[in-house]
Every structure is written in C-alpha cells, then in structure tokens.
Amino acid sequence: MGVEQKLGNMGVVTTTLESMVNWSRTGAMWPMLFGLACCAIEMMSAQASHYDMSRFGMELMRASPRQSDLMIVAGRVSRKMGPVLRRLYDQMPEPKWVIAMGDCASCGGVFNNYAIYQGVDEIVPVDVFVAGCPPRPEALIHGVLTVYEKVKGEKFVVPT
Amino acid sequence: MDHKLEPIVKALQDQFKATYEEFRGEVHVFLTTEQIIEALTLLRDKHEFELLSAMTAVDYYPQTSPRFHVIYQLSSLAKNVTVQLRVPVNGDQPRVPTATRVYEVANWRERELMDMFGIVAEGHPDPRKLLLPDDQEGYPLRKDFPLGYEEPQFTFNFDEIDVRKPYAKE
Amino acid sequence: MPQLEEVAIDKYKHLVSERALKGETMLLNMGPQHPSTHGVLRLLLELDGETVVNAVPEIGYLHTGIEKNMEAKTYLKAEVMTDRLDYLDTVGNNLAYCMAVEKLVDLDVPPRAQAIRVILTELQRIASHLVWIGTFGLDTGAMSMFLYAFRERELILDILELCSGQRMMTTFIRPGGLWRDVPVEFEAAVRDFIRIFPKRIDEYETLLTKNPIMLDRLLGIGKLDAATALQHGVTGPMLRASGVKWDLRKARPYMGYEQYDFDVPVRTEGDTYARYQVRVQELRETLKIVEQALNKLPMGPVRSDNRKFVTPPRSEIGVSMEALIHHFKLWTEGFPAPKASVYSAIESPRGELGVYLEGDGGPKPYRVHWRTPSFDNLSVIPKIVKGHLVADLVAILASTDIVLGDIDR
C-alpha cells in the first residue's frame with residue numbers, strides 16, 4: 001500500500017516523527033573514508049559502477065569525520081592505528097554508526113598475533129559486522145542495508 | 001657457481017679471508033662486522049653491484065654467539081648476478097656498523113632491524129622506530145618474543161573469554 | 001588502549017630545517033587517514049607557503065606481523081597469509097612464495113602449471129595497473145577514469161573467480177603447481193578479455209595522455225635520476241622510467257618467461273609523466289604475454305608428482321590408500337624442509353618482490369622475510385618532493401604506486 005492511498009482527497013499523510021527522521025537518515029548516509037587494507041579495494045569496487053552503492057544513498061565518501069555519519073572500518077587495525085581510529089570516531093557527530101567490514105575488523109581474521117586488534121569492537125562500538133575476506137561488494141551492500149534496517153527501528157530517547 | 005661470480009668471490013676470499021657456501025645456485029659469503037662496510041664499498045665500486053636488494057636478519061635463539069645473522073642481498077644489474085653476505089652478530093648488545101653511507105636504502109632497512117630485532121646500527125643518522133608503535137617494548141621478531149596469540153572462542157569457553165576481552169565503551 | 005600523545009617538535013628536530021624551529025615554515029600533518037595517501041601513510045610536511053621544504057614519511061600504521069605469524073604455521077598453511085601483503089597483486093605474492101618453497105625443497109613444476117601461472121600473474125598485473133590508473137586519475141582530477149578502470153577490473157576478477165572461487169585472495173598457486181586445473185570456460189573468458197581490452201586502453205589514452213591538464217600537472221614533476229634510484233633500491237616501473245632497463249622477467253627469467261616475446265618499456269625523463277607512460281605501455285605488453293601463453297598452453301598435469309611435498313589431486317584420493325595417507329600427513333604435519341636458506345624474486349607490478357626463506361629441518365619456516373618493492377620506492381619520496389607544491393606531492397605519491405600492505409607487512 002503506497003502513500004497515494006493514504007492521501008485520500010486531502011493530500012495529507014500522517015506518520016510518526018520518528019519514521020520520518022529515520023527514513024531521511026537512511027536516504028543519504030555518507031560514509032567516512034576509512035579504508036585501511038584489502039577490504040578498502042572491495043569497498044572501492046562497491047562504489048564503482050558495477051556494484052553501485054550510490055543507488056542506496058552512498059553517493060560519495062567524505063574524508064572529513066565531521067561531515068559523515070557512517071564509518072566503515074575496512075581492513076585490519078594495527079596497534080599503532082588504534083588510537084587514531086578512536087580519535088576519528090570521537091570526532092564524528094551524533095548520530096553515528098559503525099560497520100566492521102571484513103574478518104580482520106570483526107575478529108582479527110587470519111592474523112592472531114601481537115600486532116592486530118582482535119576485532120575493532122575493542123576500540124569502537126560496532127553496529128554491523130560483515131564477514132568475508134574480503135567480503136564481496138554485494139555482501140558489503142547487504143551490510144549497509146542491515147544498518148538501514150537498524151536505523152529505521154531506532155526510537156527517540158528523551159534525555160533525562 | 002656462475003662463472004661471473006667466481007672472480008668476485010675469490011677477491012672477497014683474498015682480501016677478507018671469508019668463507020662461503022653454495023646452495024641451489026646461490027652464494028652466501030660470511031664476513032665479520034668489522035669487514036662488512038669495506039666489503040660493501042668494494043662490491044659497489046669495483047664490481048658494479050649497484051643495488052642492495054634486501055637487508056634482513058635471522059635469530060638463532062638458543063645459541064647466543066652468534067645469535068643473529070644479518071643478511072645483505074646484493075644485486076648487479078650490469079653483470080646480472082646476485083650474492084648474499086652474512087654477518088654473524090652476538091646476542092648481548094648486538095650492533096653492526098651502518099651501511100647508509102654506501103647504500104642509501106640501508107637507512108630504512110636498518111631502522112627496521114633496530115625496531116624488530118634490536119640490532120643497533122652504529123652511526124645511523126636517524127634511529128627512530130619505523131614500524132612499531134612508540135610504546136612497544138621488546139623486539140617482536142626475536143624468537144623469545146611471544147606471538148601474542150589470542151585463544152579462539154568456542155562454545156565451551158565463550159563466556160570466560162568474553163569476560164576478559166576488552167570491549168569499547170560508548 | 002594508549003591515547004594519542006601530544007608530540008613536541010623535539011622528536012623531529014633533526015629532520016626538519018632550521019626555519020621550522022624559528023616558526024618561518026609550517027609543519028603540517030598529512031595524517032594516516034587521508035583521501036590521497038593511498039592507504040595509511042603519514043607524511044609530516046614542512047611547508048613554506050605551498051612549497052614543500054621537507055617531507056618525512058611515517059609508516060607502520062598497517063603493521064600486521066606477517067613475518068612472525070608465518071613462522072607459526074606450516075609451509076602450506078602459511079601461504080594463506082601471503083595474499084594479504086600486496087593486496088593488489090595477490091597472485092604475484094603467491095607465486096613468489098611458491099617459487100621460494102620450490103627452490104628450497106627442489107620441486108619441479110609441470111609446464112602446463114607454469115603457463116597457467118604466467119597467464120594468471122599477468123592478468124593480475126593488468127588488474128593492479130588498472131587500480132593504479134583509476135586512483136591516479138582520481139588524484140589528478142580525472143574522476144571518471146576510476147569508473148572505467150574498475151569496470152575492466154571486474155572482468156579480470158570474474159576470471160580469477162572462475163578458477164579459484166575468490167575474487168581477490170585466490171591462493172590458487174600452490175607449491176608444486178596449482179590447486180586444480182582451470183575449468184573449460186577459462187579459455188573463452190580470457191580470449192574475450194584479450195579481444196576487448198586493447199580498445200579500452202586506447203580509450204584511457206584518449207582521456208589522459210594528451211590532455212593539457214595532465215601535461216601541465218605531470219611534466220617535469222618529481223624527477224628521479226637513475227643514480228639516486230639505484231642508491232635507494234628502487235625497482236620496477238619507477239626505475240624503468242628513469243632510464244634503467246631492468247626487468248626480472250627478462251634478466252632472470254622464471255616460469256618459462258623466456259619463451260614469450262615482449263618488450264620492456266623504458267623512458268629517460270624520470271618524471272611523473274614518464275612513469276605514467278611506462279605503466280600504460282606495460283598494459284599493452286602484458287596483454288601480448290597473456291595471448292602467447294594462452295596460444296601455447298600445453299596439455300598435461302597441473303601438479304608435481306612428488307608426493308612427499310605435494311598433495312595428490314582429489315580424484316586420486318578416492319581410489320588409492322597411499323594418496324589418502326599423503327594428503328593427511330601433508331595437511332596435518334607438513335613436509336620437512338632442509339636446513340638452508342634461499343632468496344627468490346619475481347617482478348611484481350611495483351618492482352622486485354623477493355622472498356628470503358629459511359628452513360630448519362622442520363615443517364614450519366624458520367624465517368620468512370619479504371623484500372617488498374613499495375618499501376624502497378617510498379624511501380625515495382623525501383628526495384624527489386623537495387621544492388614542489390602540495391598538489392604536486394599528491395601527483396608524485398600517486399605515480400609511485402605504493403601499497404601500504406607491502407610496506408608495513
């Protein structure tokens with residue numbers, strides 16, 4: 001049932017403020033450029049013309065954290081890079097979401113040693129984990145759509 | 001051995017009394033830390049070895065003297081030959097003279113050695129850490145440094161590892 | 001988790017000029033997260049207005065500890081980690097490692113496996129150069145170049161997926177041969193690619209080569225002369241653009257490269273435009289190799305017969321008891337390697353990729369060291385960037401074609 005049936009002959013549709021806000025947030029969610037290693041190349045492939053991510057609202061990747069609301073951690077995070085990642089996450093304005101793309105960002109992946117964080121959720125809270133090494137561009141798009149589902153289900157919280 | 005390499009190895013043998021061994025067509029020449037800079041200069045200037053392809057080290061841990069072998073892989077474009085020089089270094093206070101004046105690429109390669117093995121390059125112009133974070137203690141590529149292996153979480157030990165794992169706060 | 005520390009200038013005092021300490025020049029941090037640094041590279045720039053006086057690269061933000069981790073696995077299982085080093089030339093990394101293992105234990109490789117290895121490595125070289133030309137266009141302003149290059153790259157990734165099931169980290173090349181024989185659709189797919197690709201290269205050249213903006217931005221920028229290049233250990237297209245004709249496929253041929261007829265493009269100017277021209281010409285030459293290898297593809301087995309080191313093919317395991325035992329022992333225990341060391345190098349799209357492999361008589365490698373080309377190529381950047389503008393710095397970095405996975409290992 002589309003919006004037209006709801007309009008009737010008054011030209012007015014009623015909905016909740018939450019669904020309007022959540023729908024507009026998913027309409028043009030621009031990710032922050034955080035490609036670290038091999039997964040970054042698959043992220044670039046997902047952005048290119050064959051598996052177009054702009055269809056889903058991710059028109060371009062912003063390099064500045066102040067202007068983005070989604071951080072896709074694509075690649076392995078080493079001990080030297082950890083504080084940088086946390087600082088960039090802190091610089092992003094609310095509301096923000098994090099996708100851990102790939103096995104290395106989710107759980108350390110192939111590398112179980114002194115140099116790699118075993119999962120980026122040791123540093124930032126993660127919303128969606130996308131598995132694969134590297135995940136296919138379609139898997140990344142599925143991860144992005146899962147974030148959209150999560151955003152559409154968010155409720156407003158009244159600050160106490 | 002490649003016939004072009006024979007006079008070169010002979011020159012190294014005569015001047016430095018170096019021993020050598022061959023394996024699968026490669027030649028490895030053993031030198032000491034006092035001789036290495038002279039040997040590199042000789043090979044670069046007289047025998048046209050323009051390229052220092054690789055410089056690395058190996059740790060033979062339980063034996064302490066020598067504990068490390070520092071390896072220089074040299075490549076000659078004009079003659080199309082390669083030779084490998086190996087320098088045994090002791091375990092306590094390992095040091096090797098810097099080769100940056102002979103080949104500039106040794107600048108970064110020796111920083112990597114200092115970082116990962118703790119082999120000090122004497123006279124290096126810029127002895128900072130290259131690959132590791134500044135607060136890293138210990139030298140990772142030595143054999144007595146642990147791998148840092150985290151136990152995989154299976155269903156039977158999931159909860160106990162979960163408690164110990166550092167998760168991020170908001 | 002350690003916090004980022006505030007760094008005083010004392011740490012870099014010996015690297016920046018006097019004017020920075022007096023405050024005449026500005027120190028700018030081109031940080032690890034930056035759209036034009038091709039990965040997590042940190043550059044500390046000393047700027048006099050827009051001109052770069054000094055550039056200090058700082059690496060290690062992607063240090064993975066691959067060399068130490070490979071010592072903890074057997075030879076066959078450690079190959080999985082080799083793909084992740086230079087993640088744009090994954091087949092080349094596998095080839096370098098397998099050649100080192102084969103040299104160490106003295107394994108033979110049948111001719112059909114050699115020819116297919118050559119085809120896949122050269123296709124991967126084209127894919128790597130395509131990513132380079134896409135990001136090079138992005139950095140110098142030709143943004144549509146990125147979309148064209150990735151469109152062609154999808155065709156190559158489809159071929160790799162046809163053989164091995166994975167787009168990027170294939171691990172198709174194993175010690176002693178290949179994982180399995182290529183499927184029947186392989187030849188048709190590669191011939192299709194060979195048919196359409198030359199016209200696409202012409203399209204890229206029409207867009208970029210005689211473009212006045214490109215010529216303005218690239219001619220005379222970042223000159224590197226041959227002597228400095230050799231002192232810094234630079235190899236690959238960067239060295240060939242400075243006038244030195246050195247290609248490991250011609251100088252020390254491996255995997256049957258001596259049977260194929262191709263040229264090695266060389267330029268003498270040594271600037272960014274020369275590097276661009278060398279790589280575009282390499283795209284054409286590489287296609288010639290793929291076509292010749294495909295035409296001459298011999299029939300035969302794709303794995304060595306030496307069952308002490310190479311697992312038997314799947315079809316044999318069902319019928320022969322010894323094959324099952326070999327398979328079991330090789331995958332659980334591994335094979336023992338002699339107590340010796342080898343160094344073997346191939347020509348990757350960035351330069352000389354070498355593996356120093358030392359065995360200790362056991363099933364695990366005692367020491368694996370990767371001589372990666374981007375490490376040395378990056379060390380020459382502080383020299384060639386002095387005196388240029390910041391925008392030129394971006395173009396020079398793009399033309400160096402570095403991959404941070406290679407550098408930090």
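This is a predicted model: local features need pLDDT of at least 70, side-chain atom pairs count only at pLDDT 80 or more; totals for chains, interfaces and linings use all residues.
1. Residues are numbered from 1 along each chain as its sequence is written, chains are lettered from A and ligands numbered from 1 in the order in which they are written, and side-chain values use heavy atoms, leaving out hydrogens and water.

2. Back to our pair. W23(A) sits in helix α2 of chain A, residues 17-27, and T26(A) lies in helix α2 of chain A too. Helices here are DSSP runs (H or I, at least four residues), numbered from the N terminus.

3. Is each one buried or exposed? W23(A) counts as exposed because its relative accessibility is 55%, whereas T26(A) has 7% and therefore counts as buried. The cut-offs are under 20% relative accessible area for buried and over 50% for exposed, with partly exposed in between (1.4 Å probe, protein chains only).

4. What does T26(A) touch, leaving aside its neighbours within four places in sequence? The list is F56(A), Y148(A), V151(A) and K152(A), where contact means heavy atoms within 4.5 Å.

5. W23(A) also belongs to a nonpolar surface patch of about 470 Å², together with L17(A), M20(A) and F156(A). Patches are made of residues with over 30% relative accessible area and no salt bridge; like charges are joined within 9 Å, and nonpolar side chains (Val, Leu, Ile, Met, Phe, Trp, Tyr) within 5 Å.

6. Now for the place where chain A meets chain C. The contact takes 38 residues from chain A and 39 residues from chain C. About 3400 Å² is buried between them, 64% of it from carbon and sulfur atoms; buried area is the accessible area (1.4 Å probe) that two parts lose on being put together, summed over both. There are two salt bridges between these chains, and R167(C) and E42(A) meet in a salt bridge (3.1 Å, N to O). A salt bridge is a side-chain nitrogen of Lys or Arg within 4 Å of a carboxyl oxygen of Asp or Glu. The side of chain A that touches chain C gets the most from α4(A), with six residues.

7. Chain C also meets chain B, with 52 residues from chain C and 50 residues from chain B. Together they bury about 4100 Å², with 54% of it on carbon and sulfur atoms. K68(C), Q231(C) and Y366(C) supply 17% of the area that chain C buries against chain B, more than any other three residues. Six salt bridges are counted between chain C and chain B, and K103(C) and E26(B) meet in a salt bridge at 2.8 Å, N to O. The count of residue pairs in polar contact is 27 (both at pLDDT 80 or more).

8. Finally, have a look at I213(C), in helix α8 of chain C, residues 212-218. With a relative accessible area of 57%, I213(C) is exposed. I213(C) and A142(C) are 71 residues apart in sequence and 9.5 Å apart in space, C-alpha to C-alpha.

Definitions and conventions:
Accessible areas come from the Shrake-Rupley method with a 1.4 Å probe; for residues, only the protein chains shown count as cover. Helices (H or I, at least four residues) and strands (E, at least two) are DSSP runs, numbered from the N terminus. A polar contact is a pair of N or O atoms within 3.5 Å; within protein, one must be able to donate a hydrogen and the other to accept it, and residues adjacent in sequence count only if both atoms are side-chain atoms.
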